[in-house]
Amino acid sequence: MDQYLPLLLIFALGLVFAVGSFAASRMLGPRPRLNPAKLGPFESGIAPRREPPARFPVRFYLVAMIFIIFDIEIVFLYPLAVMFNQLGLFGLVEMASFALVVFVAFAYLVSEGALDWGPGKRAGSRSGAPVTRSVSATVRRVSRPGAPTPQASPWAARGGEAAAAAGGPAASPASAAPKARVVG
Amino acid sequence: MSFPILDVVVLLPLGAALAIALLPRQAPMALPKWLGLGSGVVELGFVLWTVVAFKTGNNHAGFQFTSREPWFGPLGISWYLGVDGISLFLVAVTALLFPIAMATRPSPEGALPRSYLGWMLVLESACMASFLSLDAFLFFIAFEVTLVPGYFVILGGLGERRAYAATKFFLYTFAGSAFLFVGILATYLLVAARLPAGSPASFDIITLARGAMHLPLADQELLLVAFGVAFAVKMPLVPFHTWMPDAYTQAPTGGSMVLSGILFKLGAYGILRWGIFLFPRAAVDLAPLALTLGAVGVVWGSVVAAMQRDLKRLVAYGTVAGVGFIVVGLFGFTVQGITGGVVEMVNHGLSIGGLFLLVGMVWERRRTHELDQLGGLQTVAPVLGWVFMAVLLSAVGLPGLNGFIGELLVLLGTFITHRWWAVVATSGALLGAIYLLWAYQRVFHGPAKAVNAGIRDMTWGERAAIAPLLAGIVFIGVYPQPLLSRIQPAVDHLVAHIEYADPSLKIPSSGQGHGTFAVPANQVVDVPAGTTSSAAAGRGGRP
Amino acid sequence: MTIFAGTAGPGCTISNLVTSEAKVSGLCTAKGSLSIPVEYRSIAPVLILGVAALVLLVLSATLPKRRYPGLWAGLTALAGIATTVDGIVQWANLDNPANTALTVGGQVLYDHFSAFFAILFGCATTLGAAISDSYLSREALDGPEPYVLMLACSAGAVLMAEAAGLITLFLGLEVLSISLYTMTAYHRRRAASGEAGLKYFILGSFSSAVFIYGAALVYGATGSTQYFEIFQFLTGTVVVHDGVLLAGMALLVAGLGFKVAAVPFHFWAPDVYQGAPTPFVGYMAAVAKAAGFAGLLRALMLALPTQVSSWRPAIWVLAVASVLVGSVMALVQADLKRLLAYSSISQAGYVLIGLQAGTQAGWSAASFYLFTYLFMVVGTFAVVGLTQGRGEVRNDLGSIRGLGQRNPWLAGGMLVLLLAQAGVPLTSGFLGKWLVISAVIGKGQYELALIGMVGAAIAAFAYLRVALLMYVPAAPTPARPGQPRGEGGGEPAVAPTGPGAPSGLAEVAGDLEALATAGLGATATAVALRAPSTARLRVPRATAAAIAVCVAFTVFAGVSTPVLSLAHSIGLTWSL
């Protein structure tokens, strides 16, 4: 039974913390006077008849998954730190190779444009942006996000968005589409 | 080591088939034909040489010309060929029928299709391997492989329902082989379990025969039934025959010839070599069942044949009767009966093969098999008529032709041990004469119909094709001694083997004197030079 | 973790099972430090495949993004060949029994079985890559991703075969499964592909959960997840109340039975086979089945041989159901890929027949069967991938019609592969069935042997139907008898044309059709007989080579001994 005591304690602690948080916000927070307008969306305007569809870009899921990859890397790094002395060089090498694997996945994600954001990217994707993938382009994208690349010059006029467009999704291998459409 | 003639006999047609398949498209049209026919004739030469060189006499009852190579070593499987008196003439008929069958065109116009020639050669190779194989695995493979070329040969025919017939043929025999498959494996494993430690388990027929006869009787009977079902489907014995009329009628002429002349002998040969020889006691116990099926087949096949309105179907049902006759002979367990059965297999190949060939000739002239449409051919095509008559009389069993010898031996031999079945089978011989002669009358006699007036007589090519068959028919009829002297020693030993296995079976007058029965079973088969060691091991460890 | 907990007791005794004590996990000998001696040669196949996957990823991230025809497939095939070669080298190395070992912290078995399956999965990867390339470029799907998935999948499969415990087995299973889910759904523009992927994913995750639950119950009953520790526990202990153990075994069998598509866990297979990209189906049918069976063989024969009387009836039922349901259902399919799916279910039944024998003979028979089935199924699906046309528009039986005239060599190869699956002699399929059936007859189970062979005869009709359709003229559906008929384009060489021939092309073709569609529903018949174009198919070189290899191997393994001896000498090295 003794061995389960810490678990029980943690469980109790968690319960106390959860209940305590609610109680504290109840007690300490301001108490607005509630009325129907106050409870409506945006506290004003026409109340919607039905639940508006919740729309999330697929990109969010993608990001969530990318997060998990790095999360897992961290999860494995913790035990390494704890056991570092016992594992010695072997552990270090193993962890390094593990980190390398995760890094390769990261590099792949970047090259696929998974970390490129902004409307410029979307515009680029639609038009089939010129393929600008090379070792240097990938590395540059990682190291200096936002810096305009030479290939990005057609979009330079659009300022901030241009950089994102440069890294336009490489998923479409078509040749350069009419650039005027994009710029226009 | 002497010239491996049996390997050549098995592999030569296969090589020719490969060569035909690989011929370039631009090759002259006649080349495949001459390649196929040429290899068939060379094959026939080899086989005839084997027949001539085959040693006769009671000291040569075992397998001759054996050739043995390890094949699937870990499983005790070897490439093991050999010929004895029982298989010798079946091989000879095979070699004789195939070139003739290949020369017949599956369709009346155009050259011989290459696919037809190729499949026929593969079929010949597989049939040869089945007859010559002394290894159960090799036998099963060859037995199964006949299905694939058989399927395509039937598919190459002209019948309207040939695809149906081909598939039915394939599936029936495939399902039957399932039992053979299980049976062979079970025999092998049961025998292997009883072998003395250290002696290698093997699929070769000598090891199996030695071990199998000492298995518990119930096991033996089950195994024999498993083997029997497969062979009965192939033969086809009566309740398993329904694929046969379709297949024989839908196949092209050459296909029908080899299907009826050779392929069904695989079943009859199989029941003798791999059924009765391996499980003699069980065979004795189950003989009434087999004899009944055979006798029913004789009567039923004859009656149904008599009712047919289609000439080819009539001949096809005639083979059902013929098969029944052979089975009646084999399960008489007398020297005469079994010799007669073997001779009947050979005869049947010659006469039914010849009949199918002649029916094909009629069809080429009239494009029909309907008996109503034919009639009076004798006047317009006298040579065809006379040849047809000769072959038909051979099938009926006229003294002086080959059929007589076989039928006489079968009936004599079986009458000694199983009287009433022989009596029923005799009625079948009578019925056979009725339906065949009636058919002859309807096709050849009477006034020639107007449509039949203009047909030509046999061409020289056709005469050349039927001539070897006629020669065989007459030769065996007037001088069967070379045949019998080669068959008899092997059969004597087989009968001795059966008596040794089941001493309670008294075979009253087997004609060869009871001295031979003293031969212990382990000497039933002359042990070829290469297998002495394993034979010695087997002998030492016998329970 | 169990390795730490168990080392003091059973862990050390394991070493007695192994010929050389020094080779066993260092956890016993070196308790002070936790360094795990990794014998890299034992996991070399996994490393080769995994590193190849990473190399592909790096290349795709760094190379300028454009099409590289053949590059990705070539690299994948290269990795596959490397794996095969490595497997062969390891095999030779393992011929010395002293090299057989339990390595990597007791998680990996280094023995002939592992090497054999490394060779198997290496070949599968090579062939899979070879047949995928042309398909992917035809469907405009090319890129490195499917190959990365394929390599990862193979790595997982090898791991499953090498696993020395249920946890490692599960690890391999998940790597394999997740790659396969994605590969199934890879055809982005085909709704069926996505649907199949989702179905496979949901059912597959469920089965993984079932499996891990089973592993947990077995752990609960025996105190370990390592095969040898389970075995030792069960030999040393009489389990009186074995409910938990039985439930655990049942769940393990169910979880892996799903992977190998054994009836009644087969419902996903037809849908997934139908929807997934065709070359991937060939790869999947070979690899997922082989890996699932490798895991099942190891788990049942190494960990639970003492419970054989408990699991044999269950496997018996699965085997019979798979053989019969697979064969019978294959008869009524109008879709070629579905037909092959049911056929693969029935083939799984034969491996199960070998497995349930629970003997050395059954063990090597199952291995041989899986190895030869790989070549048959990959070759078959490669041909289907060619006949279906761009966009997988035609998967029905009719698509293969007339192939005998259009591409005689392709049809000939397909014929050999189909006959091999039907079990016709002189092909590896026959030898596989021979070994499996001989294994059960050796156990005296004649009824099972007969059921198996009857199933083979039923299935033969399904294969024969496809074979027959290949030789039906590809001409448009001919007119019914009585109507005037024209001479069709693709006239067979053997069809009569002469005046007065009682049967013309139409009737003959009609009969072939009638037979080829016997037993199908009316709609299915109509679909199956829609004639394909009579144009000759263009066969890409890599695919042609892969099919040729498959056919050649199928015949080679059917008539010669090397593969047979290989499978035969996979000993139950570890059994006591």
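## Helix packing and burial in a predicted model

In chain B, residues B:Val335, B:Ile338, B:Thr339, B:Val342 and B:Val343 of α14(B) meet B:Leu483, B:Leu484, B:Ile487, B:Gln488, B:Val491, B:Asp492, B:Leu494 and B:Val495 of α20(B), where two residues are in contact if their C-beta atoms, placed from the backbone, lie within 7 Å. This contact of α14(B) with α20(B) divides into 10 nonpolar, two polar and one charged residues, with Ala, Val, Leu, Ile, Met, Phe, Trp, Tyr, Cys and Pro counted as nonpolar, Asp, Glu, Lys and Arg as charged, and the others, Gly among them, as polar.

The model is predicted, local features need pLDDT of at least 70, and side-chain atom pairs count only at pLDDT 80 or more, whereas totals for chains, interfaces and linings use all residues. Residues are numbered from 1 along each chain as its sequence is written, while chains are lettered from A and ligands numbered from 1 in the order in which they are written.

Two helix pairs are set out below; helices are DSSP runs (H or I, at least four residues) numbered from the N terminus, and axes are lines fitted to C-alpha atoms over the stretch in contact, with angles from 0 to 180 degrees between N-to-C directions.

| Pair | Angle | Axes apart |
|---|---|---|
| α14(B), residues 335–366, and α20(B), residues 481–501 | about 130° | 9 Å |
| α5(C), residues 112–138, and α6(C), residues 145–162 | about 165° | 9 Å |

The angle of about 165° makes α5(C) roughly antiparallel to α6(C), a term for angles over 145 degrees. The contact of α5(C) with α6(C) involves residues including C:Phe113, C:Phe117 and C:Phe121 of α5(C) and C:Tyr147, C:Met150 and C:Leu151 of α6(C), and by class it has 14 nonpolar, five polar and one charged residues.

Helix α6(B), residues 147–155, is mostly covered, nine of its nine residues being buried, that is, having 20 or more other C-beta atoms within 10 Å of their own. The buried residues of α6(B) pack against α4, α5, α7, α10 and α11 of chain B together with α17 (408–422) of chain C.

The largest nonpolar core has 413 residues, and those with the most contacts inside it are C:Leu374 and C:Val378; such a core is a set of buried Ala, Val, Leu, Ile, Met, Phe, Trp, Tyr and Cys residues joined through C-beta atoms within 7 Å. Leaving aside neighbours within four places in sequence, C:Leu374 is in contact with C:Leu120, C:Cys123, C:Ala124, C:Ala286 and C:Ala290.

Chain A has seven helices and zero strands, and 13% of its 184 residues count as buried.

Conventions:
Parallel < 35°, antiparallel > 145°, perpendicular 65-115°, else oblique. Buried ≥ 20, exposed ≤ 12 C-beta atoms within 10 Å, placed from the backbone.
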